[in-house]
Amino acid sequence: SSHWEDPSTTKKWLQALEDVRSRRTNSGNAVKSSVKSAISITSNPLVKTYLRKAMRKWTVTAAGPTKAAVEWLVVRIREARPDLWGRRVSPEVVAEQKDRVL
């Protein structure tokens with residue numbers, strides 16, 4: 001089952017994670033900061049759990065596995081929720097996309 005979260009909240013934590021995409025994998029503290037910020041913003045327990053697990057592989061000089069996990073999540077959410085990015089999408093299409101991705 002999906003966990004509802006206000007779309008503005010979802011956009012805020014996704015924006016925090018977007019910063020990770022532009023970081024090099026050896027800039028571990030910046031990656032950690034972005035992930036911790038997203039964890040504190042989201043109200044979705046599944047997202048919190050996923051990001052905490054992603055942080056288990058984190059190290060200061062090698063944040064590659066954490067970065068890859070974050071990038072995967074951002075892509076999946078963007079696929080599942082095209083409505084968050086200003087695209088006009090019917091509720092039926094959103095539900096279908098969520099079922100396919102989540």
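Trainee: Leaving aside neighbours within four places in sequence, which residues is Ile41 in contact with?
Mentor: Residues are numbered from 1 along each chain as its sequence is written, and side-chain values use heavy atoms, with hydrogens and water left out. Contact means heavy atoms within 4.5 Å. On that basis, Ile41 is in contact with Thr9, Lys12 and Trp13.

Trainee: What is the relative accessible area of Ile41?
Mentor: Ile41 lies in helix H2; helices are DSSP runs (H or I, at least four residues) and strands are E runs of at least two, numbered from the N terminus. Buried means under 20% relative accessible area, exposed over 50% and partly exposed in between (1.4 Å probe, protein chains only). Ile41 counts as partly exposed because its relative accessible area is 30%.

Trainee: Is H2 roughly parallel or antiparallel to H3?
Mentor: Axes are lines fitted to C-alpha atoms, for helices over the stretch in contact, and angles run from 0 to 180 degrees between N-to-C directions. The axes of H2 and H3 are 9 Å apart, at an angle of about 160°. Angles under 35 degrees count as roughly parallel, over 145 as roughly antiparallel, 65 to 115 as roughly perpendicular and the rest as oblique. Therefore H2 is, relative to H3, roughly antiparallel.

Trainee: At what angle do H1 and H4 pack?
Mentor: Their axes are 9 Å apart, and the angle is about 140°. That value makes H1 oblique to H4. Residues in the contact include Trp13 and Leu17 of H1 and Val70 and Leu73 of H4. The angle asked for is about 140°.

Trainee: Which helix has the lowest mean pLDDT among the elements of the protein chain?
Mentor: The chain has a mean pLDDT of 86, and 90% of its residues reach 70 or more. Where pLDDT is low, the predicted coordinates should not be read in detail. H3 has the highest mean, 95, while the lowest, 70, belongs to helix H5.

Definitions and conventions
This is a predicted model: local features need pLDDT of at least 70, side-chain atom pairs count only at pLDDT 80 or more; totals for chains, interfaces and linings use all residues. pLDDT is the predictor's confidence in each residue, from 0 to 100.
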